[in-house]
Amino acid sequence: MGRPGLTRRHLLASAGGLAVAGSFGFAALGTGADALASSAHTRVRYWNLFSGGDGYNMIAMLDAFRKANPGIDVKDSTLQWGNPFYTKLAMAAAGNRAPDLGVMHLGRVTGFSPGRLLDPWDVDLLAKYGVREADFNPALWKRAVIDGKLYALPLDIHVQLCFYRKDVLKKAGLLGDDGRLVPVTSTDEWFDVLKEAKKATKKGLQTLGLWVNDQNFQWWFFVAFYTQLGGTWFNPANTEVTFDTDKAVQVLEFLRRHITDGYTDPGMGSVGAEQFINGAPFTWEGNWSVPVFSGAKLDYGATPLPPVFGKQATHAESHAFVLPHQSDRGGATNEGAHQLAAYVVQHAQQWAAGGHIPAYSPTLSTAAYKKLEPQNEYVSAMDHQANEPKVWFAGSTGILAQRVGPIVVSSTMGSAGPDAAARRMKGALTQLLAMKNPMDGRTAAQGGAVA
């Protein structure tokens with residue numbers, strides 16, 4: 001099937017109207033016409049969405065690359081996280097004003113019209129700079145391949161974790177001989193743990209921070225536990241919804257029970273991290289909270305979300321390097337983009353300090369990485385990732401989370417029953433499967449979503 005023409009008008013309409021472009025200042029996309037650094041002969045324009053601690057770590061890595069490669073001038077720009085970033089990147093690619101290198105969440109790559117808004121990586125060129133498929137977790141690499149071509153180079157995976165206060169759990173008798181949280185393998189065991197932890201919790205603090213009113217977190221937690229149950233979303237051809245409402249009900253009842261049994265306060269939906277710092281025994285947060293809790297000098301640990309349904313699986317996304325489409329991509333600039341991405345991927349020890357698990361597997365076996373705490377406790381999440389389905393409407397802050405996340409919240413908060421919520425979720429998935437991607441006018445069944 002042929003792909004319809006893609007224009008900036010289509011992109012702006014899909015992002016919510018012309019006001020989006022105005023909020024960016026479209027002229028600010030630029031053409032990279034500034035002068036090269038005095039000693040450089042090649043410029044690489046690089047867009048990313050990293051702020052805060054991630055931003056500082058990325059800048060340090062870029063500075064190290066500049067020092068090691070004075071012939072390449074890296075012109076990096078940090079843009080607003082989330083859908084604004086993706087809209088601006090899409091408009092730049094459609095208008096032939098794209099940067100030479102960019103970053104995306106891996107789950108969003110399928111929906112970004114690979115081959116039209118993204119260019120494939122030259123795997124031979126990556127190999128020249130020391131990066132090969134064998135250096136990555138096979139499942140992670142496969143997610144980056146679409147229609148037989150590599151469209152994303154994974155930098156990391158970031159996962160949802162169960163953070164726990166060792167000082168509180170020690171009082172509750174919930175630490176093993178290794179000083180870590182006792183193993184949990186069922187819902188009954190998990191709620192027994194919470195029961196004992198609550199007895200050791202200071203008055204005024206909830207037992208578990210669960211982000212009960214946040215659509216993204218609730219969706220991420222649902223994906224993890226639904227995957228533990230072996231749940232599926234669509235058939236391989238993406239023509240049929242295979243979502244199991246019975247399994248969904250089990251997960252929704254599990255999430256809801258944290259409130260009904262008194263372990264999570266629905267009025268404290270967004271203050272789990274603060275409560276944890278103040279002495280709450282548990283909080284479920286992304287691994288990006290590691291610098292926050294370590295900075296607070298807490299005595300804590302972090303493990304993947306508990307395998308309460310028997311199978312280990314914790315929600316995972318990935319930051320990945322991409323090549324935004326350029327009609328004239330090639331030459332020294334394109335090689336510089338490959339060289340820069342390969343360098344950062346291979347020198348991700350600093351990135352790991354921010355809590356992310358490096359995608360480049362040789363890093364994980366280094367003595368320096370093995371000494372990182374609590375990173376060395378949850379690195380196993382690389383081998384049991386719970387990912388969103390590989391369809392155009394999935395991925396971080398994507399349409400799938402926007403449509404289904406609020407339904408999960410309604411069940412967790414008690415405004416909808418688990419049975420009704422599960423049926424609504426299946427209905428939403430059915431509607432999404434029939435929708436056309438505004439980037440290229442194709443449904444999931446018509447798109448290149450199969451590796």
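Buried means a relative accessible area under 20%, exposed means one over 50%, and partly exposed covers what lies in between. The exercises below apply these cut-offs to a predicted model.

**Exercise 1. Decide whether Asp100 and Arg45 are buried or exposed, and state what joins their side chains.**

Step 1. Asp100 has a relative accessible area of 4%, and because this is under 20%, Asp100 is buried. Arg45, with a relative accessible area of 18%, also falls under the cut-off, so Arg45 is buried.

Step 2. The two side chains meet in a salt bridge, with 3.4 Å from N to O. Arg45 belongs to strand E1, residues 42-48, while Asp100 sits in the loop between helix H4 (83-94) and strand E3 (101-105), so the pair ties together parts that are 55 residues apart in sequence.

**Exercise 2. Find which strands pair with E3, and in which sense.**

Step 1. With E1, strand E3 pairs in the parallel sense over two bridges, and here Tyr46 stands opposite Leu101 of E3.

Step 2. With E13, strand E3 pairs in the antiparallel sense over four bridges, and in this pairing Val103 stands opposite Phe321 of E13.

Step 3. Five of the five residues of E3 are buried, so the strand is largely enclosed by the rest of the structure.

**Exercise 3. Describe where His319 is placed and what surrounds it.**

Step 1. His319 is in strand E13, which covers residues 319-324. At 5% relative accessibility, His319 counts as buried.

Step 2. Leaving aside residues up to four places away in sequence, His319 touches a set of residues that includes Val103, Met104 and His105, as well as Leu49, Phe50, Trp351 and His356.

Step 3. Asp156 is also among the residues touched by His319, and the side chains of His319 and Asp156 are joined by a polar contact of 2.8 Å.

**Exercise 4. State how many salt bridges a search of the whole structure finds, and examine the pairs Glu335 with Lys128 and Arg257 with Asp261.**

Step 1. The search finds 10 salt bridges.

Step 2. Glu335 forms one of them with Lys128, the closest N and O atoms being 2.6 Å apart. This pair links distant parts of the chain, with Glu335 in helix H13 (residues 331-346) and Lys128 in helix H5 (residues 123-128), 207 residues apart. Glu335 is partly exposed, with a relative accessible area of 23%, whereas Lys128, at 55% relative accessibility, counts as exposed.

Step 3. Arg257 and Asp261 meet through their side chains in a salt bridge of 2.7 Å, N to O. At 31% relative accessibility Arg257 counts as partly exposed, and Asp261 counts as partly exposed at 34%.

Step 4. Salt bridges that share partners also join Asp63, Arg66 and Asp76 into one network.

**Exercise 5. Locate Lys426 and say which residues it touches, not counting those up to four places away in sequence.**

Step 1. Lys426 is found in helix H19, which covers residues 418-434.

Step 2. Asn69, by contrast, is 357 residues from Lys426 in sequence and 51 Å from it in space, C-alpha to C-alpha.

How values were computed. Residues numbered from 1 in each chain as written. Predicted model: local features only at pLDDT ≥ 70, side-chain atom pairs only at ≥ 80, totals over all residues. Heavy atoms only, no water. Contact = heavy atoms within 4.5 Å. Buried < 20%, exposed > 50% of the residue type's maximum accessible area, 1.4 Å probe, protein only. Polar contact = N/O pair within 3.5 Å; in protein donor to acceptor, adjacent residues only side chain to side chain. Salt bridge = Lys/Arg side-chain N within 4 Å of Asp/Glu carboxyl O. Pairing = 2+ DSSP bridges.
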